[in-house]
Amino acid sequence: MAIYALGDLVPTIHPEAFVHPDATIIGDVRIGAYASVWPQTVLRGDDGYIEIGEYSNVQDGCVLHTTSITPTILGPSSAIGHAVHVEGARIGTGCLIASGSVVLNGCVIEDGAMVGAGAVLSYGVTVPSGHIALGVPAKIRENVSFGPDKIRFVVDNYVDRAKRFRGELRPL
Ligand SMILES: CC(C)(COP(=O)(O)OP(=O)(O)OC[C@H]1O[C@@H](n2cnc3c(N)ncnc32)[C@H](O)[C@@H]1OP(=O)(O)O)[C@@H](O)C(=O)NCCC(=O)NCCS
C-alpha cells in the first residue's frame, strides 16, 4: 500500500473504505465509509486536506490535490470518473465529475450537479444543482440527460464493485 504520513499529516481511512494497493495516498487525506479509490490515483494532502465522502468513488488515474486556502472536498455519494484532475475544489453530494475533466481552485459543484467528460473549469466556477458544465472552457447549461438516477447508478455500482474487490482481489 502506498499510504504515507507527511510529518503530522496522517491519512485517515475508514475500515470499510476500499483503497486499491496501487493508489497513492499522502498526508491529510480523509476517506469515509464505503468510499473507493482506484489504481493509479494520487490523493496528495500536503497543504490543505482532501476529504472523500462516504459511498463516493475516485476512479483510476485521477489526481486530487489542494492548496492551504482551498481544500478538496468530495461530498457523499459522488463519483469522480477516470483521469480527472481536481485542485482545491468543493464537490457536493450526488455529483458526477466525468472522465478527463479538470476542476480547478475554488470551484464549487453543488449537490446533484455534473461536470461533463473533458470539461475544463478554471478558477472559482460554480455549477448549480441540476446543471452540467461542458467544454473548454466550460459552459454551464441545464442537465437534461444525465440526472440523479444515472449518477446514483454509477455510485451504487462502485460501492458494489469495491465490495467485490475487497473480497476477491489478489496479486499474482
Ligand atoms: C455530458 C454527456 C452525458 C452527454 O450528454 P448528452 O445530453 O447525452 O449529450 P448530447 O450528445 O445529447 O449533446 C448535447 C449537447 O452537448 C454537447 N456535449 C455533449 N457531451 C459533451 C462533452 N463531454 N463536452 C462538450 N460538449 C458536449 C453536444 O455537442 C451537444 O451540443 P449542442 O446542443 O450545442 O449540439 C457525456 O458527454 C458525458 O460527459 N458523459 C459522462 C459519462 C460518464 O462519466 N459516465 C460514468 C463513468 S463511470
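N105 lies in the loop between β14 (102–103) and β15 (108–109). Helices (H or I, at least four residues) and strands (E, at least two) are DSSP runs, numbered from the N terminus. The model is a predicted one: local features need pLDDT of at least 70, side-chain atom pairs count only at pLDDT 80 or more, and totals for chains, interfaces and linings use all residues. Residues are numbered from 1 along each chain as its sequence is written, and side-chain values use heavy atoms, with hydrogens and water left out.

N105 has a relative accessibility of 19% and counts as buried. Buried means under 20% relative accessible area, exposed over 50%, and partly exposed in between (1.4 Å probe, protein chains only). Leaving aside residues up to four places away in sequence, N105 touches T67, T70, E87, G88, Y123 and G124. A contact means heavy atoms within 4.5 Å.

V144 is also a loop residue, placed between β20 (139–142) and α1 (148–168). V144 is exposed, with a relative accessible area of 76%. Its C-alpha atom is separated by 8.2 Å from that of G130, 14 residues apart along the chain.

The protein has one helix and 20 strands. Its radius of gyration is 15 Å, close to the 16 Å that the globule rule gives for 172 residues, so the protein is as compact as a globular protein of that length. The radius is taken over C-alpha atoms, and the rule is 2.2 Å times the number of residues to the power 0.38. Along the principal axes, the C-alpha atoms fill a box of roughly 45 × 35 × 25 Å. Of the 172 residues, 45% count as buried. Among contacts with a separation of 6 or more, 11% are between residues 24 or more positions apart.

The largest nonpolar core has 31 residues. Such a core is a set of buried Ala, Val, Leu, Ile, Met, Phe, Trp, Tyr and Cys residues joined through side-chain atoms within 4.5 Å. I31, I80 and I109 have the most contacts inside this core. The elements giving two or more residues to the core are β4 (24–31) and β6 (42–52). Beyond four places in sequence, the residues touched by I109 include R90, C95, M114, L121 and V127. A second, separate core has twelve residues, including A98, I151, V154 and A162.
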